[in-house]
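Here is a quick walk through one fold, written to be read with the viewer open.

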Amino acid sequence: MSNIYTLRELFGGQWSSDARLDGKTVIITGANTGIGKETTRDLAKRGARIIMACRDIEKAERAQKEIMEESGNQNIVIRKLDLSDTKSIREFAEVINNEERALHILINNAGVMMCPYSKTADGFEMQFGVNHLGHFLLTFLLIDLLKRSAPSRIITLSSMAHSWGTITLDDINSERNYHSRRAYGQSKLANILFTRSLAKKLKDTGVTAYAVHPGIVRTELKRHMNLGLLIMWKVVRPFTKTPVQGAQTTIYCAVQPELDTESGGYYSNCRPSRCTRAARDDEMAEKLWELSCKMLGILWD
């Protein structure tokens, strides 16, 4: 075997656990493709009731059919969710709160990466709006259901790309200076800071929170990369993970029993990992929390 294959297995192997999720309800955003789809597939095999929160219903239905047939789990439903529109997020949460008696795992998986400058329906810069604010609002709207269902978990996908960004409080929508890579980094940094603050605010509620770096994964997210990054991608591709491998740390944080007593951490390769100093800045985390609430027009103490 080549050294490349060995390295890929070392850094991208699957994590193994026979933990079951029978009787548990899971919401996964962006569940119809990439890491989200593979997470859905795995948790369906563990017996969970899965709510696929997706923007593209047609694509979601194809994924749902495939996963139902493979897992034998018919308890998989699709609900429309567009994270770039707070109206859609509120409508989704209203349906969930009315229809579901419990929610044990919320996986904030969906995201956009390094796209050209654009804005959400509410005027937020797209990457910050979808990756951070969309999931911030979704979590806020479902938090009471999660608390009533405790022990429950919130898993938010971040990235090692958090090291590319800084939180620019006075230009959070990158209107003065937009750089797709830095804006993506800011949104992923925000995911970790959100998780840290969330863990503190949920102390003693039975709801725990985790931020995840899935690894460098071969997904559709790379479609907006520029030529330079695409060339670099071809060089590192042999060391990258498949979507199945990329889903392992999310699955680990969803099912590993020992994590019931842990909260607020950053995980990679199915174990705690070190994030940047900026991602451990609790003062900035609090400022970001306050700004996020203000931008979304919510009160969340």
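Ile-27 has Leu-106 in S4 as its bridge partner. That pairing belongs to the contact between strand S1 (residues 25-29) and S4, which run parallel and are joined by three bridges. Strands here are DSSP runs of E with at least two residues, helices are runs of H or I with at least four, and both are numbered from the N terminus. Two strands count as paired if DSSP finds at least two bridges between them. Keep in mind that this is a predicted model, in which local features need pLDDT of at least 70 and side-chain atom pairs count only at pLDDT 80 or more, while totals for chains, interfaces and linings use all residues. Numbering starts from 1 along each chain as its sequence is written, and side-chain values use heavy atoms, with hydrogens and water left out.

On to S5: four bridges tie S4 to strand S5 (residues 152-157), again in parallel. Ile-107 finds its bridge partner there in Ile-155. Follow the chain from S4 through helix H5 (residues 126-148) to S5 and you have a right-handed β-α-β unit; right-handed means that, with the strands pointing away from the viewer, the path from the first strand over the helix to the second runs clockwise.

## Two covered faces

In a regular strand, side chains alternate between the two faces of the sheet. What does that look like in S4 (residues 105-108)? Ile-105 and Ile-107 are on one side, Leu-106 and Asn-108 on the other, and all are buried. Buried means under 20% relative accessible area, exposed over 50%, and partly exposed in between, using a 1.4 Å probe and protein chains only.

The open sheet holds eight strands in the order S3-S2-S1-S4-S5-S6-S7-S8, with mixed pairing. Its edge strands, S3 (76-80) and S8 (271-272), each pair on one side only. Helix H3 (residues 57-71) packs on the sheet, where it touches S2 and S3, and its direction makes about 170 degrees with that of S3. (Axes are lines fitted to C-alpha atoms, for helices over the stretch in contact, with angles from 0 to 180 degrees between N-to-C directions; contact means heavy atoms within 4.5 Å.)

Strand S2 (residues 49-54) pairs with S3 in the parallel sense, over five bridges. Within that pair, Met-52 stands opposite Ile-78.

## Two buried loop residues

Asn-109 sits in the loop between S4 and H5. Its relative accessible area is 13%, so Asn-109 counts as buried. Beyond four places in sequence, Asn-109 touches residues including Ile-28, Thr-29, His-135 and Leu-157.

Leu-21 is in the loop between helix H1 (3-12) and S1, and its relative accessible area of 6% makes it buried too. Leu-21 and Ala-254 are 233 residues apart in sequence, with 9.6 Å from C-alpha to C-alpha.

The protein has 10 helices and eight strands. Of its 301 residues, 55% are buried. Among contacts with a separation of 6 or more, 77% link residues 24 or more positions apart.

Mean pLDDT (the predictor's confidence in each residue, from 0 to 100) is 90, and 87% of residues reach 70 or more. Residues 1-12 stay under 50. Where pLDDT is low, the predicted coordinates should not be read in detail.
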